[in-house]
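Please find below a report on the two ligand sites of a protein model. The sequence and structure are shown first, and the description follows.

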Amino acid sequence: MIIMKSDATSTQIKAVIKDIESHGLRADVSRGDFRTIIGLIGDERKISFDHLAMLPGVKEARMVETPYKLISREYARLAGESEHRVIKVGDVEIGGDELVFIAGPCAVESKAQLFKIAEGVKKAGAHALRGGIFKPRSSVHSFQGLGAAGEDEANEALSWFREAGDKFEMPVVTEVRGESQVDLVAKYVDIIQIGARNMYDQDLLVKAARTGKPILYKRHFGAGIEEFLSFAEYMVAEDNKDIILCERGILPLGKGKSYTRYTLDLAAVPVLQKETYLPVIIDPSHAAGRRDLIFSLSCAGVAVGACGMIVEVHNNPVEALVDSQQQITPDEFKELVTVCNKIHKIIGNRRNGG
Ligand code: PEP
Ligand code: MN
């Protein structure tokens, strides 16, 4: 990391970037109000920090050991930027003062179903609409999402999704399962979701980040926190800092019945928010895998400082084509929103991990 002097000129900054690039590394330039910070992307051992420190305009050059330096709070602090990034999507602020609720069906099943649920979640207090069009499924024999039927079907489902978002004034978020879907999905949605199973797909992360759209990035169920953040760094290295981290449960321990689909790692929420300036939300639906626990886990997530949540809501959960056992009704969602907002009022903004 290179800290430029506050009076460093743009010619000096450019010369430092050129020097970094001549060593086969890339530079992430963060221009704060008071000074510019340059992060090195690549193998820092290829470059001498003593040499960098001597360049005109450089105040300090130091090696940063953490594998996720570009998203670290230290980086934001040194650049004089906010240590609590607020991601703005239309009128919605993720990581701002208010809790953010993203809600909708696990999968988009039909236009009528989508519009009905969109209307229901909007009335209940949702800020953004979710809905899967390309579904990650463990069996090839199960419903893969409307997008799987072909490009025309994918375009059609995505256009309903866009229309529902516009009609009910909510930004929309859907998952991309592979690189080939990124350009298509980016044409329609406001936020791109990268699911737990794809947390490690570097090429997908880079491609999605390059669209410039905010990314809702889910932790893999077997990933450590450092690993999660290290992979998030791939997107920020593409100059996209609008990354929403999502804790969605890790693999349950021990033998025998676990009673939940995954284990919501509550401590990960304040830990992630202490380590980075990125906002963190929870996904109680996939963590629990059963609707009777969604309310409790949502409350718990807010109590540990989550900035919001993504919740699966269906007008007729029992009939849902995917994840029917964990979706709640718009009425249940409304109660959840009301209580979570009350808890948030008491807890306040806990992004310092306090
Ligand atoms: C989803 O949100 O639809 C989903 C499949 O979640 P996850 O990637 O967390 O399993
Ligand atoms: Mn689901």
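How far does a polar side-chain atom of Lys 135 lie from an oxygen atom of ligand 1? The separation is 2.8 Å. This is a predicted model, in which local features need pLDDT of at least 70 and side-chain atom pairs count only at pLDDT 80 or more, while totals for chains, interfaces and linings use all residues. Residues are numbered from 1 along each chain as its sequence is written, chains are lettered from A and ligands numbered from 1 in the order written, and side-chain values use heavy atoms, without hydrogens and water.

| Residue | Protein atom | Distance to a ligand oxygen |
|---|---|---|
| Lys 135 | polar side-chain atom | 2.8 Å |
| Gln 193 | side-chain N or O atom | 2.9 Å |
| Ala 196 | polar backbone atom | 2.8 Å |

The protein covers 97% of the 290 Å² of accessible area that ligand 1 has on its own (Shrake-Rupley method, 1.4 Å probe). Residues around ligand 1, with a heavy atom within 4 Å of it, include Arg 130, Glu 175, Arg 248 and His 286. The shell divides into two nonpolar, three polar and six charged residues, with Gly counted as polar.

Technical notes:
A polar contact is a pair of N or O atoms within 3.5 Å; within protein, one must be able to donate a hydrogen and the other to accept it, and residues adjacent in sequence count only if both atoms are side-chain atoms.
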